[in-house]
Amino acid sequence: MPRFLRPLGRSVTYTRWLHMCIPSAVYGIWLFIAPEKPYVPFMALLAIGLVPAVRLAEGVQAQLLVVPAERGRHDVTVSAASSASWGDRWRTVVWLEIRLALSLVAISAAVWPSMAVYDLIAGPLGRASDEIPVLRDAAPHWWWWLLVPIPVLTSLGCVAALGALDAVLARKLLGPSREERLTALEARTEQLLERNRIAREIHDSIGHALTVAVVQAGAARAAGDPAFTERALAAIEETGRAALDDLERVLLVLRESGEQVGQRPTLAEADRLLESARASGAQVNAELNGPLELVPGPVSREGYRILQEALTNVLRHSGPVPVRVRLAVLGERLELDVTNPLADSIPEVRGGSGLRGIRERAALLGGEARSGPDKGEWRVRVRLPLDGLR
């Protein structure tokens, strides 16, 4: 199909035509009732457009007929919401006035070509309507029939052009206001933050489980001791079950299922992490001070994940080595230190998504996290404020 004819093959061209015809139908009813006052509908629209709900109705119509959904998604350049400000109200008034005027032009663009087609066909037969001045003053000939496609294509071209103009005006006058754009941006930001949080959850919980499983399996194979192998398998099973619980909870969030989402682990369950590290062969010396069970929920949950990632990094990069863990509630802050010796074969500076995740978690809570070599050891230091989160 030639490029200039492609709009005629799109369904949206004709839904836009329907959208433009609706005001003319209402206007025609008014002219039938009061033909001597054709200006009244235009004046009435000045008041109607100020009603907040009218913008919602016009936006829904535009989304359905002017910019219909593609692949199940509506065109976000046209808002379907009530007027939230006087600016929205006045833009709605302008839209209604232009829509009625555009509708009258669209009807004329359809009626006059249709009459021309009739005269071109009926003229040579002596039955012309004489409504088209050019044809009325000309002598009918049989070759008029060859001119029939001209008004037809003209009418269809007007339909496509006016429909495109209707879409442009709809996006301009019914588009989201600045407040609506800010609201949408905030919602999008919240969505991205939630996705980022879920990604960290998966990385920390599943990464920890896999690391423990790998270390345990390697140690069991090297030991060649059935009793040790049994203990290793038990530790792998326990860690795997915990990881499956975490994964199921994250999947429930992603599916937005309405089911109750399990409680995220907190620092009150820190012993589980420490025992998991010990079961992997690490010599964990833990010092827990302060009322950890009273730590505010957000800090406690994020602190658990930070401790989990720190221990995972130790097992992943250094293996079953001695680890010192200090977890304390001091005044209005939570302090977490995880220290382990640096092996000669391990680079002194380590990075990756795990350490980045620790820093991101701390920053979201207004705290700080530092990691790096310190006097022949690798140290992770985290400070999280408690004030304002109780």
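This is a predicted model: local features need pLDDT of at least 70, side-chain atom pairs count only at pLDDT 80 or more; totals for chains, interfaces and linings use all residues.
Residues are numbered from 1 along each chain as its sequence is written, and side-chain values use heavy atoms, with hydrogens and water left out.

Val-67 lies in the loop that links helix 3 (52-66) to helix 4 (86-122); helices (H or I, at least four residues) and strands (E, at least two) are DSSP runs numbered from the N terminus. Val-67 counts as buried because its relative accessibility is 4%, where buried means under 20% relative accessible area with a 1.4 Å probe and protein chains only. Thr-15 is 52 residues from Val-67 along the chain, with 9.1 Å between their C-alpha atoms.

Five strands form an open sheet in the order 1-2-3-5-4, with mixed pairing; two strands pair if DSSP finds at least two bridges between them. Strand 1 (284-289) and strand 4 (368-374) are at the edges with a single partner strand each, so one side of each has no neighbour in the sheet. From one strand to the next, the twist averages 10°. Seven bridges join strand 4 to strand 5 (residues 377-385) in the antiparallel sense, and Arg-370 stands opposite Arg-381 in strand 5.

Helix 9 (residues 270-279) packs on the sheet, in contact (heavy atoms within 4.5 Å) with strand 1 and strand 2 (323-330). The direction of helix 9 makes about 170° with that of strand 1; axes are lines fitted to C-alpha atoms, for helices over the stretch in contact, and angles run from 0 to 180 degrees between N-to-C directions. Helix 10 (residues 297-317) also packs on the sheet, touching strand 2, strand 3 (333-341) and strand 5. Its direction makes about 5° with that of strand 3.

Key
Buried means under 20% relative accessible area, exposed over 50%, partly exposed in between (1.4 Å probe, protein chains only).
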